Amino acid sequence: MNSKVKKICLTGLMAALVTVCTAFIKIPTGINSGYIHIGDSMIYLSGCLLGPWAALASAIGGAFADILAGAPQWAIPTAIIKALNSVPFIVVTAMYNKNKSPKIINPMTLVMTLISGLITVFGYLLAEGIMYSFPSALTSVPFSVLQAVGSAVIFAIVGKILDQIKIHKYL
């Protein structure tokens, strides 16, 4: 199959996984239509598997999730934040895999879960502060941290499994 067609298909698949893991596997926080989810784990995976296409999959998946979850006012900020969430993985994977056999889980991608988690925390703090108020936004920070930690754990587990089946040789 043409590699560009393969990338487009994989981008659509990852956008769908981000959407499902965000909109349907969630716990409402009760604060400003917010919820915690494991969709970020799929964003981390897409960054490792898709390269720059991951930003598109992440933005589309996150925005669709907010629309489907009944919080359409968050679609635009989420699209921006989720695209940014993928960037650390895109950069590190390109650098790390240049000299080694491709692996999803490596010391650098595990560190990037922290960087991406900080993007989530501060991105939503800023967006919620602008949309509602900064005192209200501060109440959401612990939930954003919990979401980032949970997504990092899911990413590590799923990524390790995909590494064991040598997923890169199928891409």
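1. At the start of α1, the backbone nitrogen of Lys-4 has a side-chain oxygen of Asn-2 within 2.7 Å. The model is a predicted one, and the points below should be read as such.

2. Helix α1 runs over residues 3-23. With 21 residues, α1 spans 30 Å from its first C-alpha to its last, close to the 30 Å expected at 1.5 Å a residue.

3. Buried residues of α1 include Leu-10, Met-14, Val-18 and Cys-21, and also Thr-11, Ala-15, Thr-19, Thr-22 and Ala-23. Residues three or four places apart in an α-helix point the same way, because there are 3.6 residues a turn. The packing partners of the buried residues of α1 are β1, β2 (35-37), α2 (39-50) and α3.

4. Val-20, Phe-24, Ile-25, Leu-56, Ile-60, Phe-64, Ile-67 and Leu-68 make a nonpolar surface patch of about 760 Å². The most is given by helix α3 (residues 53-68), which supplies five residues.

5. Ile-25, one of the patch residues, sits in the loop between α1 and β1 (26-28). Its relative accessible area is 42%, so Ile-25 counts as partly exposed; the cut-offs for that class are 20% and 50%.

6. Neighbours within four places in sequence aside, Thr-78 is in contact with Gly-62, Ala-63, Asp-66 and Tyr-124.

Methods. Residues are numbered from 1 along each chain as its sequence is written. This is a predicted model: local features need pLDDT of at least 70, side-chain atom pairs count only at pLDDT 80 or more; totals for chains, interfaces and linings use all residues. Side-chain values use heavy atoms; hydrogens and water are left out. Patches are made of residues with over 30% relative accessible area and no salt bridge: like charges are joined within 9 Å, nonpolar side chains (Val, Leu, Ile, Met, Phe, Trp, Tyr) within 5 Å. Accessible areas come from the Shrake-Rupley method with a 1.4 Å probe; for residues, only the protein chains shown count as cover. A salt bridge is a side-chain nitrogen of Lys or Arg within 4 Å of a carboxyl oxygen of Asp or Glu. Helices (H or I, at least four residues) and strands (E, at least two) are DSSP runs, numbered from the N terminus. Buried means under 20% relative accessible area, exposed over 50%, partly exposed in between (1.4 Å probe, protein chains only). The expected span of a helix is 1.5 Å times one less than its number of residues. Contact means heavy atoms within 4.5 Å. A polar contact is a pair of N or O atoms within 3.5 Å; within protein, one must be able to donate a hydrogen and the other to accept it, and residues adjacent in sequence count only if both atoms are side-chain atoms.
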